[in-house]
Structures are given as structure tokens and as C-alpha cells.
Amino acid sequence: MSKSSGMSNSELPRFLIGSEVGESRKLDNRDMRNISGPYGEEEEEEDEDQSERQIVVGICSMMKKSTSKPMTEILERLCKFEYITVVIFPEEVILGEPVEKWPLCDCLISFHSKGFPLDKAMSYAKLRNPLLINDLNMQYFIQDRREVYRILKEEGIDLPRYAVLNRDPDRPEECNLVESEDHVEVNGEVFHKPFVEKPVSAEDHNVYIYYPTSAGGGSQRLFRKIGSRSSVYSPESTVRKTGSYIYEEFMPTDGTDVKVYTVGPDYAHAEARKSPALDGKVERDSEGKEIRYPVMLTAMEKLVARKVCLAFKQTVCGFDLLRANGHSFVCDVNGFSFVKNSMKYYDDCAKVLGNMVMRELAPQFHIPWSIPMEAEDIPIVPTTSGTMMELRCVIAVIRHGDRTPKQKMKMEVRNALFFELFEKYGGYKSGKLKLKKPKQLQEVLDIARQLLAELVLHNDCEIEEKKSKLEQLKTVLEMESSLNDNQYGHFSGINRKVQLTYLPNGQPKASSEEEDTLKEGPSLLLVLKWGGELTPAGRVQAEELGRAFRCMYPGGQGDYAGFPGCGLLRLHSTYRHDLKIYASDEGRVQMTAAAFAKGLLALEGELTPILVQMVKSANMNGLLDSDSDSLTDCQQRVKARLHEIMQKSKDFNDDDYSKLAPTGSPSLVNSMGIIINPVRTCDQVHTLIKSLTQQICRRLEDPKSADLQLYHSESLELMLQRWSKLERDFRMKNGRYDISKIPDIYDCVKYDTQHNSSLALEDTLELFHLSKALADIIIPQEYGITKAEKLDIASAYCLPLVKKIQLDLQRTHEDEAVNKLHPLYSRGVMSPGRHVRTRLYFTSESHVHSLLNIFRYGGLLNEQKDEQWKQAMDYLSAVTELNYMTQIVIMLYEDNNKDPSSEERFHVELHFSPGVKGCKDEENAPLGFGFRPASSENHEKQTNPGSLEDLSQDEPDRAVLTEPINIQKKSPLVRNRKGGSMEALSESNPSSRGLAYRIFPSSSRQSPEIKPSGLELLSMPAVKRFSVSYARHPTNGFEGYSLVPSIYPLETLHNSLSLKQVDEFLTALCKNGSETQFKRLKTLSAMFESHSQPSIDVDSLETPVTTPVQSQPTAQSLWYTGGPPSTSSGPLSPSVADPSSNFAFSSE
């Protein structure tokens, strides 16, 4: 008798369909396709006994499942085992015949699906007692999510924090739901939004995710895939009121889910797919199948797979993993489930199942354990040659996009109602309180209305002075609440706020707007801030920049060849892209980050789901936020000196130039030349503002303008309020000018020049030029006048961010314990081992100015000795404004040909873009030297050290170039008058630039004769421009077009820095920080280490957990036959972490 598990070459596979007891027929060509070639060729013994009884494996499930492609593929392979015969139970027999008439079998593969009589299958198993591959009784539990979670919890498997709401009249104590605006309380357990609501029935796929008002509110509704949709966004924010549900904490997974498929406790195959909650669009390949990528499981995840398989007694079992905050959580167990489209998996699955059956039912054969690996599955990794380098890390610090003008109103309040509100929300703990939630703002509005009503009744002269302030408070809060539902979605709660500060002895001195009389006793300073939200144009800019950023990454293959940026999409979806996006807590910054992510990752639909899943809030003691109310001593002194110099009513002299522009920056000197006399210029500006308000008043009186709507749903009344307030505030009661209002004036006139130019108000251009000249001095110099001051103030703002950037660069080459693509299964992916880390930091103007000052004045390089750095410094000093979407980009490359310990192994490049093009300044824009310009050294080597990689295999059609490109000039945005649609952004001026590449050229493909060296960064794909729906801007009734200006291309500041150089520079900067700044850094470190904010996924904590994988379960069940422990779907990940990578923020 043969002991071989292989099939005899002389026989065909036994693959049968059974009908009645003892009756079966062989499958013909209608049932299965022809099989060519033996599954395994093993030596046969001469004395083989052909009459040996066959082991019958019965397949008992609904026909749709029994005849599915994965089942057919696996059964074809399974029946190649010499002693195994497969019998499929016909559906009509399962449904219509008693179990006594069902076919006989030794081993039963049976599983529940819609319409399947599980109780009959259990009766059959009791009657015939076959070996069960998947336990049948446990399949009842799998149909109830409550039971699934109970079992997972009992097994000690990590799962999201959850609570069950049972709407059962017999158990009223389990139906305690309290719903608030941004959280629910379920039986005493509080879940803050975002949270997940799952029906208790596992057959019901209508899972809802509810978003916080701070991210725009609403919910994402998931469902079973219909065509190319798996979810849809809904504005509905209230939970369902009928039915029983599980409520659980939302896990931030960076937009990817992992589906794991076990075949016994020692084999698991894992695939990543785009999370259905992200934008609801199912990514499909050319055959219409959902795109998934096999990924490596960590040792801990393999242990989880083993536990799930054993706990639910399901040999073949699928479950879902969420990778979040450095941990893996099980969120769903699906029971019997096969991988949809992997020949390797089919081979392995059949081998494992066949071995299990033979070991259990024919132990005399001593079946060997082996999993075949075919040559075609070995990954092909491109080799490096010459100075080809591999991109390892991209770090970008980016300013938010175009916004509405920021506005602010201050008033001192003493009424008891305000003190009660202050106490109610815990203001006395820190002496400060921020109110942003709609409910809180409604309370402030109610107080304002009540006090105004009392003023009308009593007409108290003592508080009459505040009446105008109270009315403004009321007007602004009412205005915002009425706009919440406009078509661009005022994101409730993130575009305005009220700050209350406790003053124990009242206001120390009257501001220019208040009375000079001081009152005794404590008071509250109420500061109302509104406006400053991202405009539709800002969203388009962010999304387009995100799309353009893709082109920095290697890849793009097959169908995608020749389309820049697709390499990034492949990197990301295959877990080879380690992406984290951080944003400060301001609404405009968060929405910019979400729109950028949408463009970067080719997502669709609303920004709210993207914001919640992809953007980490980084409001942690200054990483990206700055408390403008607590200026450093140095900054206070600088502002006072600026005010002093700008209050002189005489022409600037040499002394003023040396005081105001000691660095000799051309942009400053030019602006001072335009201003000449600061007070006289301020007089002109004030006169022009008065003229503007008068013109708006006249428009308001004109009946034709009654219903005129301006850009972004603003009205003429609101525009008049904006300018009238500036007119009042700019010129103080003592006749002097409040220089701090100059940025606000420039902000407003820039906004109206771009978005409301159709009003054709006189003198707006003159006001624009004069206020820009003033702002070009005031704004940059508020961050320091001398180099020492600039560094001091920059450190106060940026030290935590600088330290974080340093860690990002260090961790890139130290940390290999990251989620990776599985090399054995990765067909079509040439380089599964490649791994790129991206860290994007979205912030406001203060951090961008500060970080740039650190690089400019911190001593990174010596201008006298480094010609490229001198040119870069000359270029930066000529840049007048760090506009919206300003970028500072650091790119790290690895040269695999250099010794790992060599300084030349890692190569750093520094790039910069001043962001969006201004309204009128293009002709005066300073010239840079292009993105990654070729050097003479590079020409000598005939290869480009900046090449991302050898693209010959991964992307045959990719066009890269270094010569200047002549692209025809287009207008920034062309609007079709009839339809309101827009052309893609495209603007370039070949005559004005040397080697500088333009953003968004008209075509991404270039002629083949151009020398392939270097890389054009910001080129657009030749097809699929940005979503037209997002590009439409409301003109709402007036003739005119709101243009979306294009963005200046990245300019290389330096492209031959070593990592050691940069690391030593950043270390020295951090050491020079003051004691106060170190305290802030330590606080940040503590927050990072303690995970005190669960919504923040800090990548410096992502160290692998070392847990040994059990070799065998403590008790073996009948349904399980085990093999060696390490035969999972690939080599184990390193279980010992590199100690050098296990660091956290610290001051050492």
C-alpha cells in the first residue's frame, strides 16, 4: 500500500457530485475544467493497492458557494490526493431531502450562508459523525456579533472598546441610551465621536460610523458591495432608534483594512484593501475584482489568527484586523471564507486541508508537512547601479490653503451669566476656556440675547458702551448658525470660537476700543474669533497639490505606466508606504490636510471621512499649534520695536534701514522703498479703506444690489462689517495707527481682489499694493528682526516639530518593524521589500516662517563656502510672502552601493515653494534654480543621484527630464460661462525661469529624445483632472469669475546634504533651546508616551511586541489536525526590536 499523499499519474482526480446514499457520479467537463499536470510527483511503491478504500470529503453548502471559483480551485487540488474523493451535496438534496438520504462522507466541510439549513447539517453530523473541518454549532455564534465579541474577549484577543445596546423588552436594563451632540452613553459607557454602530446580527452589513461636529458631522453608511460602492456619506448625525446594536470606538487605520484567512491554526494568509469607510469606492482591477494586496502578518497577528481559529473551531476562517496606534484589533469574524484570487493560496489551502484529513483519518501514512513555493512567486527586486538611489523618506511641512479673512472682537464682561458659563465648562482650572462646539456657542448667543433684551428695558447708561459689542457678538453667532447648511458645508464648530480668560483684577488697561475708566473686581476677557475657514479654492489647491505630490514617488506599472503618481498609489495600497498626516487643530488646517490626502491617494467624495481616518490631530503643546496669546518675551520686544519704527512720520533713513532690515533682505528693502514714510502710507491706507466702505454703503443702498451674494455666500452687509471694523480699529483714538492690524487689512484686500473683483470697487489695487508693502515688512519681522531674534522666536514655535523631524529621519533607516507586503504572494509588484516613509505636517503661517528661519539662520551650511546654499539664501531673501500652501520638503535617499556606515549612504535634499501665486506679483517673482537641478558632477557620472530608483522594470514608460520644457501658457483657470465648469490648473512661463519646472504642465508625457535624467516633480497625469464638482465656485448672481491661482513649483535649496550633517544640525538646534522650551518638549514626550490622546497615532511608538508564538494549543479538538507551528503564510517578522528604534521624545 502506498504511503504517498500524491496522486497516481495514471488516474484522474476523483471529484464527484453525490445525490443519494452511496450514489455518486464523476464530474464531467461541465462541472470542472480540465486539469493539466500532476499536483505533486512523489515516488509510488510497486505494491500499491488500488482497491484501498477512499476517504470521502463531503461539501455541504448552498450551490452558489459550492461552485464558486475559489471552492472549485481548491477542490480540484484536494482531489488530487490519491486517497481523497470529493463529493458535493446538491442543493436540492440539502433543502428537500431528510438527512438520512444525504450522501455519506468521512469528512464534512459545511458552512452557513443565506438560506442554508444549519440545523439539518447539525442533525446529519450527529447521525454520521464525520470529521468536521468547521464546527457547526459555533456557526450559530458567528451569526451574532455579541457572541463573537464575547468569545474574542474571553480569549484575550484585542478588540475595540465596545458596549451592547439590547432593545429587548424583557431586559430593559440593557437598553440605556443617552445621545448627545458629540457622544453617546450606552449603559453608562461613553463613546465620543467618531464611533461605530453595528447591528447585532452579523448578517446585517449596515454598519454606520458617526463623525464629530468638529470634522463636519454626519455619518458614513457601510453596506454590502453594490457595484463599485461599499459605503455612502450621509449628513444624518443621530443614531438609529430601532433595533439592537454594538457601539464601539472608531480605530484610526490610515484608510486600510486587513482581511485574514486561516486554514488551521498554523496557516494564515492576509490581504489589505482600502477601507470601505474612507470614500466608499471599491477599487477594482481590469477583471472587475476588488483590488487587494497580500501583506505580512506580525508574530503577534499570527498568534491572534491562531487564537481565532481555535476559539471558534473553524479550520477555514476569515476575520478582519484593524491596524491602529501600533496595535492590531479584531473587529469581525466571518467564519468559513476563502481568498478570492490567489493561485498560491489555492495550492496551499488544498495541501493543508488534504494533510489534515489524511493525518486524522489515515494516520498510518505519516503524511509529511510541506507547503510548495513556486519559482514564479519569488519577487524580482530591481538592482541599483551607478548612483541610483532609493527614496526612503519624504517630510513636508505645509501651510493651509486659501481661507476667508480671519476676524476678531474683544470685550470685557462682568455679568454673572458669563461667570456661570466659565465655571460650567471648567474655566477656573486653567483660567482659560475655549468654546467651539455649537451647543456651547448657542449658550453664549443666548446670554447675548438676554443681556440685549435687558438693555432695551432698562437702558442702563453704564453698560450702554457694550451694547454695540453685544450686538456684534449676537450677529456673528447668528450669522454662523444660519450658514451651517450652505452647499460647501460650513463645518459646524470649526470655523469660529469664543475664548474666555479670567482677569482677577479686571482689564489691566483699556484697549483702544474701550473706555478709559477701570472697574474694581474680577472680570472675563471675551474674545470672539470667526472666519478663517478654508474656501472652495483652498480645497482645490490642496487637492491638486496632493495629486502633484504623488510624482515624487517611484513606481507606476502596467496599465499605469506613463501616469506619474501611480507608483505612490501602489506603494500605499500595498503597505509599502508608511504615511502619517498631522494637522493642527484649526479647522482650515485640518480640511487642507484632508483635501491634500484626497488628491494624494486618489480618493473620492466628502472630506469628513477622510479627515477622521487619515488626519492625526497634533494639538500637543506646540507640535503644530501655537498659542498666540502667550508670546515670548523676545517676540513682545520685537513687536514693540516694530511699532516704534513704523509710527515715525518721516522718511526712512539709513538708521531705519539698519534697524528694520539688518539682514539686508531684498524683499524688505524693496518694501521699505515703496513705503518711504510709514505714517503717511498708513494715512493713505486708512483713506482708501474709508473710500471702500463708502462704496460698499452706496452699493447697499442700490436696489439692484439688494440680493447680491459674494464669494462663498458672503453678503454685502457682512463685507461692510469686515471693512468698517478695520477702519475703526486701524486708527486708534489717540490718532496713532495699530500696526498689528496691517496683516488683517492685507488679508481682506487680498481676499476681495481675488474672489470679489467683479464688484469693481475703485482703488482696491492701490490698497492691495500699499498694504502688501506694509505687510511684507510687518509679517516676517514679527518673527524676529535680527538673526538671533529670528532663531530665538523660531525655537519657541518650532522646537517640538524640529525634534519630530529629526526622529522621522532617524527612524527611516533604523526601523524595519513596519507593516510590509508579503513577497511570496505579490505578483505584479516588482519590489515588495521597498518601503517609503512619508510624514506630512499641516500648520499655519507661524510654524512655516519659524521652520524656514531655522534652516536659513541656524548655521546648516556656510554661504561663503557653499555656492548652492548661497544661491538658495539669495532666492529665499527675495521671496516676499509665504503664501497659502507654502511647502518645506525634506527628502531622504539611500545609496545601496555605499557602505552602510558611510556618510555617503544616506543623502538629504531640501526643497521649498512659496505656495500660491499672488494676484499681481508673478512678473516680479524671484527666480529659483528648479527642482533638483542637475550638477556638473552628475553630468560627469551620466546618472542622476536623485533618481528615485531604477525605473526600467517598475515603470517602462515613465518620462523624466532635466531640460527646460516649453509648455504653452494657459490662464490659471478657464471658466465656461454657460456650464460653470473649469479647466485644470495650468500655468507656466518658460521665458521667466531657468531650469524651474512648472506645476501642472499640460501633458505628462514628453518626447523620447529628452535625456532621461532628473525628475519633474509636480506634473499632472494626462488624464482624469480634478473633480469638476469640487472646482465649481458659487458666483451666485454676479458676472465674474473667481480664479484659483496655481502654485509655485518646488525649488531645490540643496541636493547634496548628508544625513549626518542634517542630524548634527538639528541636534545642535535642540540643545541650544531654552529651559522653558525643553520643559515643553518633555511635556510633549510624556503625552506621546502615555497615549493620553487615543486619536493621535504617534509613529515613534510603533515598536514591535515580542511574544513567542505557541507551537501547539493546550487541548486539541477533534476537528483540528495540526502541523509544525511556523508554517504561516510567510517568514515570521523579526520578533526582536532594534533597541535603537525604541525611543520617545526627550530633551537628551
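## The fold and its charged contacts

Residues 24 or more positions apart account for 75% of the chain's contacts (heavy atoms within 4.5 Å) that have a separation of 6 or more. This is a predicted model, in which local features need pLDDT of at least 70, side-chain atom pairs count only at pLDDT 80 or more, and totals for chains, interfaces and linings use all residues. Residues are numbered from 1 along each chain as its sequence is written, and side-chain values use heavy atoms, with hydrogens and water left out.

The chain holds 30 helices and 31 strands, taken as DSSP runs numbered from the N terminus (helices H or I, at least four residues; strands E, at least two). Of its 1148 residues, 58% are buried; buried means under 20% relative accessible area, exposed over 50% and partly exposed in between, with a 1.4 Å probe and protein chains only.

Helix α2 (residues 69-78) is largely enclosed by the rest of the structure, because nine of its 10 residues are buried. Among them are Glu73, Glu76 and Arg77.

Lys64, in helix α1 (residues 63-66), is exposed, with a relative accessible area of 74%. Together with Lys65, Lys114, Arg224 and Lys340, Lys64 forms a positive surface patch. Patch members have over 30% relative accessible area and no salt bridge, and like charges are joined within 9 Å. Lys and Arg count as positive, with the charge placed at NZ of Lys or CZ of Arg.

Now to the salt bridges, where a side-chain nitrogen of Lys or Arg lies within 4 Å of a carboxyl oxygen of Asp or Glu.

| Pair | N to O distance |
|---|---|
| Arg150 and Glu147 | 2.7 Å |
| Asp279 and Lys274 | 3.0 Å |
| Glu1064 and Lys1060 | 3.9 Å |

Arg150 and Glu147 are three residues apart in helix α6 (residues 145-154), so about one helical turn separates them. Arg150 is partly exposed at 31% relative accessibility, and Glu147 is partly exposed at 23%. Glu1064 and Lys1060 are four residues apart in helix α29 (residues 1059-1071), again about one helical turn. Glu1064 is partly exposed at 47%, and Lys1060 is partly exposed at 43%. Asp279 and Lys274, by contrast, are both buried.

Elsewhere, salt bridges link Asp446, Arg449, Lys474 and Glu478 in a network.

Conventions: Patches are made of residues with over 30% relative accessible area and no salt bridge: like charges are joined within 9 Å, nonpolar side chains (Val, Leu, Ile, Met, Phe, Trp, Tyr) within 5 Å. Accessible areas come from the Shrake-Rupley method with a 1.4 Å probe; for residues, only the protein chains shown count as cover.
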